[in-house]
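Student: Hi, could you walk me through this structure? I'd like to start with charged pairs and then move on to other things.

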Amino acid sequence: MTVTSEQRFGEFVFVRGHEGLEHVAELVLDRPKAMNAVSTDMARSIAAACAALAADPDVRVTVLTSSHERAFCVGADLKERNSFTDADLVRQRPTARAAYTGVLELSMPTIAAVHGFALGGGFELALSCDLIVADATALVGLPEVSVGVIPGGGGTQLLPRRVGAARAAELVFTARRVEAAEARELGLVDELVAAGEDRTEALALAGRIAGNSPVGLRAAKRALRLGHGLDLRAGLEVEDSAWRSVAFSGDRAEGVAAFNEKRKPNWPANDATVTLGGREATQCT
C-alpha cells in the first residue's frame with residue numbers, strides 16, 4: 001500500500017495509509033448513520049478489505065478504527081436482521097463469519113482503536129485483533145443473550161482467552177456493559193488512554209511495531225496464536241517451527257548485522273508463506 005493511498009470497499013469500509021507512518025494500514029469502519037452496525041453489505045466489505053490487506057506485501061501492521069465519533073461499532077444490524085426469514089439468516093451467516101475471521105486471520109499484527117460503544121459484534125471485531133487500545137469513553141460488552149442469541153463472531157472463544165473462562169461466562173451470561181476503567185482492569189482492553197486519543201495512540205503503537213522485522217512479526221504472531229491452549233511441549237514445537245521460518249531469513253541476517261553495526265535495520269524484501277487460521281498468506285516486506 002502506498003503510504004498516502006486510500007481504497008474504498010463498498011459504501012461502509014475503507015483502507016488508508018498515512019504519510020510518515022510507513023507500513024501501517026488503517027482499516028476504517030465507516031457507516032456513521034448506523035453507528036457502524038454490521039449489515040450484510042458491511043460484513044462483505046470488511047471481508048474484502050481484509051483479503052486485500054492480507055495480499056499486500058507492504059503492510060506490516062493494521063489498525064482497525066471507526067469514523068463515528070461516539071461509537072466503534074454497535075454490533076450486528078438488528079434492524080436488518082428483524083426483516084430476515086430463517087432462510088435469510090442461514091444464507092447470511094457465512095458472510096457475517098467471513099468479516100470476523102477476515103480480521104482474526106490477518107497474518108500481520110492488528111490493533112483495534114476503540115471509543116464509545118463497542119458492543120456485540122463490534123466488540124468481537126476488536127477481540128479479533130491482537131491488541132486493543134481504548135479511550136476513556138469506551139463501553140464494551142457482549143449482550144447477545146439479551147436478544148435471544150449468543151456471541152457469534154468469535155466472542156465465546158476469544159473472550160475467555162483474554163480473561164479466563166469464569167470471567168467470560170459472567171460477562172456473556174449477564175450481558176452487561178463494561179465501562180473503560182473496569183474494562184482495562186479486567187483485561188478486556190490492553191491500553192487505556194484519554195478521551196479522543198484511542199486512534200492516535202493505536203497508530204503510534206502501530207508505527208513502533210512496524211519498525212521491526214516483518215518476517216519476525218508474522219512468525220511471532222503465528223506462534224502466539226497457534227500455540228495458545230496447547231500443552232507446553234506442543235506449544236514449544238509450534239514455537240520451534242516459527243523460529244525455523246525466520247532463523248535463516250534475510251531479516252535475521254540484516255537484524256544481527258544492524259545490531260552489531262549500531263544502525264537501524266534496513267529490512268530486505270522477503271518471501272515466505274505464513275499460515276494462520278487455515279489460510280496461507282505471502283509474508284514479505
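**Charged pairs, sheet and overall build**

Tutor: Happy to: R91 counts as exposed, at 57% relative accessibility (exposed is over 50% relative accessible area, buried under 20%, partly exposed in between, with a 1.4 Å probe and protein chains only). One caution: this is a predicted model, where local features need pLDDT of at least 70 and side-chain atom pairs count only at pLDDT 80 or more, while totals for chains, interfaces and linings use all residues. Residues are numbered from 1 along each chain as its sequence is written, and side-chain values use heavy atoms, with hydrogens and water left out.

Student: Which residue forms a salt bridge with R91?

Tutor: That is D88, with the closest N and O atoms 2.5 Å apart. A salt bridge here is a side-chain nitrogen of Lys or Arg within 4 Å of a carboxyl oxygen of Asp or Glu. D88 is partly exposed, at 23% relative accessible area. Both residues sit in helix 3 (residues 86-104), 3 residues apart, so about one helical turn separates them. Helices (H or I, at least four residues) and strands (E, at least two) are DSSP runs, numbered from the N terminus.

Student: How many salt bridges does the structure hold?

Tutor: There are 15. One of them joins E26 and R16, at 2.9 Å from N to O. E26 lies in strand 3 and R16 in strand 2 (residues 13-18), so this pair ties together parts that are 10 residues apart in sequence.

Student: Is E26 buried or exposed?

Tutor: E26 is buried, at 0% relative accessibility, whereas R16 is partly exposed at 22%.

Student: And what does R244 pair with?

Tutor: The R244 side chain meets D240 in a salt bridge of 2.7 Å, N to O. They are 4 residues apart in helix 10 (residues 232-247), about one helical turn. There is also a network, in which salt bridges with shared partners join R167, E170, R176 and E182.

Student: Now the open sheet: in what order do its strands run?

Tutor: Its 4 strands run 5-7-9-10, with mixed pairing; two strands pair if DSSP finds at least two bridges between them. Strand 5 (71-73) and strand 10 (178-179) are at the edges with a single partner strand each, so one side of each has no neighbour in the sheet. Strand 9 (residues 139-141) pairs with strand 10 in the antiparallel sense over 2 bridges, and V140 has V178 as its bridge partner in strand 10.

Student: Zooming out, how many helices and strands does the protein have?

Tutor: It has 11 helices and 13 strands. The radius of gyration is 19 Å, close to the 19 Å that the globule rule gives for 285 residues, so the protein is as compact as a globular protein of that length. That radius is taken over C-alpha atoms, and the rule is 2.2 Å times the number of residues to the power 0.38. Buried residues make up 49% of the 285.
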